[in-house]
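Please open the model in your viewer and keep the selection tool at hand. The tour below goes from one stop to the next.

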Amino acid sequence: MNILGIETSCDETACAIVKDGITVLSNMIASQAVLHSRTGGVVPEVASREHIKVIIPIIEACFKNAQLTWDDIDLIAVTKGPGLVGSLLVGTETARTLAYAKNKKIVGVNHIAGHIYSIWLDREEEILFPSVVLTASGGHNNLVLMKDHYDFEVLGKTRDDASGEAFDKIAKLLGLIYPGGPVISKRALLGDPKKYKFPRAWLDKGSLEFSFSGLKTAVRRQVEALEKEQGELNDEIINDICASFQEAVTEVLAKKLIIAAEKHDAKEVHLVGGVSANKRLRELIQEMSNNLDLKVPKEISYCTDNAAMIAAAGYFQYKKFGADNWQDIEVNPRLLIN
Ligand code: KG4
Ligand code: ZN
């Protein structure tokens, strides 16, 4: 079964064709990162206008790349939320129109479920349940117990900022480019993670919730103090701040993922979402855990927003619950995972 995935929830216009929820036949992404780096973050109106411009060319390029036609497509899967309402609408309206015009089945997919199913992409070995999944992105940060396909229980979420959002805001504060994660992790390699003692928000004992706003304030205060002392920050100081900040975020993410996995006897732990591209986070989880089976998406392009993961989630959703009516697919910018 070939699934055409469409993803436009934030600042990536993406289209993919995936066979049986696993084999990626084509995965195309038009990123707006350069556009949004000028403003240090996504401007929703700008994002939705850009989606409108590129969505049809991206779908056409996706078919060309896979050397397939509409006759080969069995199901359309489109992100219906969470995300930016205008951006989501471009994707869902396009998908609904295509489902009607081409007489195809359609499913509306939760973007976070999409990230969860990024683990399945191009993977040969079987995934074992229960698994504990850390979804760490710019827009969400959850610990999820997955007992079976499409059987999710949220064990903890963030009380304020998402982890990726914290990377983006600290990058902006330091005058670095958007998105913040890749540039901070690169600079962190050159810095001292012990130089600045930034707080770790463990919250209540055993809590699986997250909070990154206190850390953000602590970094801001440190930057202000350093600027007062010595004017504009040099590269060495910026690198040390990046390393110390990254260590504070990743330590909390890794530790809470391990606590959750042990508490729920997880057979596997999965790390997904844009922040799962972070090498230090992957390393820390391995270092801190006793032989937990950690799985991350097979490609870095499956960590950040993409449509292959939406096609994969759409496949398993369709197998369990069937297709949706194209008339009934509604955008929900605040859609939860359960
Ligand atoms: O999953 P994603 O593409 O979009 C959302 O669903 O939000 O995640 C984007 C987020 C951004 O905040 C970006 O800074 C972060 O993922 N990110 C990283 C890395 N690469 C991307 N964070 C830390 N380290 C990275 N290497
Ligand atoms: Zn995402």
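Begin by selecting glycine 164, where a backbone N or O atom lies 3.0 Å from an oxygen atom of ligand 1; a polar contact here is a pair of N or O atoms within 3.5 Å. This is a predicted model, in which local features need pLDDT of at least 70 and side-chain atom pairs count only at pLDDT 80 or more, while totals for chains, interfaces and linings use all residues. Residues are numbered from 1 along each chain as its sequence is written, chains are lettered from A and ligands numbered from 1 in the order in which they are written, and side-chain values use heavy atoms, leaving out hydrogens and water.

Next, select serine 137, whose side chain has an N or O atom 2.7 Å from an oxygen atom of ligand 1, and then glycine 181, which has a polar backbone atom 2.9 Å from an oxygen atom of the ligand.

Now show everything around ligand 1: 23 residues surround it, each with a heavy atom within 4 Å. This shell draws at least three residues from each of domain 1 (2-118 + 301-328) and domain 2 (128-296), with bounds from an automatic or database domain assignment.

Finally, move to the largest nonpolar core, which has 49 residues, Val132 and Phe245 being among those with the most contacts inside it. Such a core is a set of buried (under 20% relative accessible area, 1.4 Å probe, protein chains only) Ala, Val, Leu, Ile, Met, Phe, Trp, Tyr and Cys residues joined through side-chain atoms within 4.5 Å. Helix H8 gives the most to this core, with 15 residues.

How values were computed:
A polar contact is a pair of N or O atoms within 3.5 Å; within protein, one must be able to donate a hydrogen and the other to accept it, and residues adjacent in sequence count only if both atoms are side-chain atoms. Buried means under 20% relative accessible area, exposed over 50%, partly exposed in between (1.4 Å probe, protein chains only). Helices (H or I, at least four residues) and strands (E, at least two) are DSSP runs, numbered from the N terminus.
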